[in-house]
Amino acid sequence: MPTALELQGMLRAAALRVTRPRLAVLGAVHAHPHADTDSIIGAVRNDLPEVSHQAVYDSLHTLTAAGLVRRIQPLGSVARYESRVGDNHHHVVCRSCGAIADVDCAVGHAPCLTASDDHGFVIDEAEVIYWGLCSDCSAVRSS
């Protein structure tokens, strides 16, 4: 978890004003990977009880646009946010409980960016979601 000074540095490096809501939201995303907006609002309100829903939504939007957080939304799920950005990693999602974990891209030189037909696009990111059962849910089903 980054320190308050490190979070401030991240905001400044992205040419963003340092505000209490942005610091709190960025800190909450770092502390709670793959958290949904309601969970982030709850975490932020531990530090800033007076913060509005709109301030958190605005901060998430700004931080995502600046590349400091990543927004993911697996099919059938609400949007989730994470601080791991810029490495083209993927996710595995449990079909039963909704748990999400990071999965590194396949081995090799940007293999996840090689499409069978790019249709003229210059591809710079691929998003893959693996679906299955987490170890806890699969243990319950096999009991």
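Helices here are DSSP runs of H or I with at least four residues, numbered from the N terminus. Leucine 7 sits in one of them, helix H1. Before going on, some housekeeping: this is a predicted model, where local features need pLDDT of at least 70 and side-chain atom pairs count only at pLDDT 80 or more, while totals for chains, interfaces and linings use all residues. Residues are numbered from 1 along each chain as its sequence is written, and side-chain values use heavy atoms, with hydrogens and water left out.

Let's start with how H1 packs. The axes of H1 (residues 4–13) and H2 (residues 20–31) come within 10 Å and cross at roughly 110 degrees; axes are lines fitted to C-alpha atoms, for helices over the stretch in contact, with angles running from 0 to 180 degrees between N-to-C directions. On the H1 side, Ala4, Leu7, Gln8, Met10 and Leu11 meet Arg22, Leu23, Leu26, Gly27 and His30 of H2, contact being heavy atoms within 4.5 Å. That contact has 6 nonpolar, 3 polar and 1 charged residues. In this scheme Ala, Val, Leu, Ile, Met, Phe, Trp, Tyr, Cys and Pro are nonpolar, Asp, Glu, Lys and Arg are charged, and the others, Gly among them, are polar.

Now back to leucine 7. Is leucine 7 buried or exposed? Leucine 7 counts as buried because its relative accessibility is 6%, and buried means under 20% relative accessible area (1.4 Å probe, protein chains only). Leaving aside residues up to four places away in sequence, leucine 7 touches Pro2, Leu23, Leu26, Gly27 and His30. Its C-alpha atom is 9.2 Å from that of arginine 22, which is 15 residues away along the chain.

Next, the pockets. A pocket is an open set of points on a 1 Å grid over the protein atoms alone, where a 1.4 Å probe fits and protein lies on both sides within 12 Å along at least five of seven lines; lining residues have an atom within 4 Å of a point. The second largest pocket has 13 lining residues, and Met1, Ala24, Gly27, Ala28 and Asp47 are the closest to its centre. H1, H2 and helix H3 (37–47) each supply at least two residues of this lining, with the largest share, 5 residues, coming from H2. By class, the lining of the second largest pocket has 9 nonpolar, 3 polar and 1 charged residues. The lining of the largest pocket divides into 2 nonpolar, 5 polar and 7 charged.

Conventions
Buried < 20%, exposed > 50% of the residue type's maximum accessible area, 1.4 Å probe, protein only.
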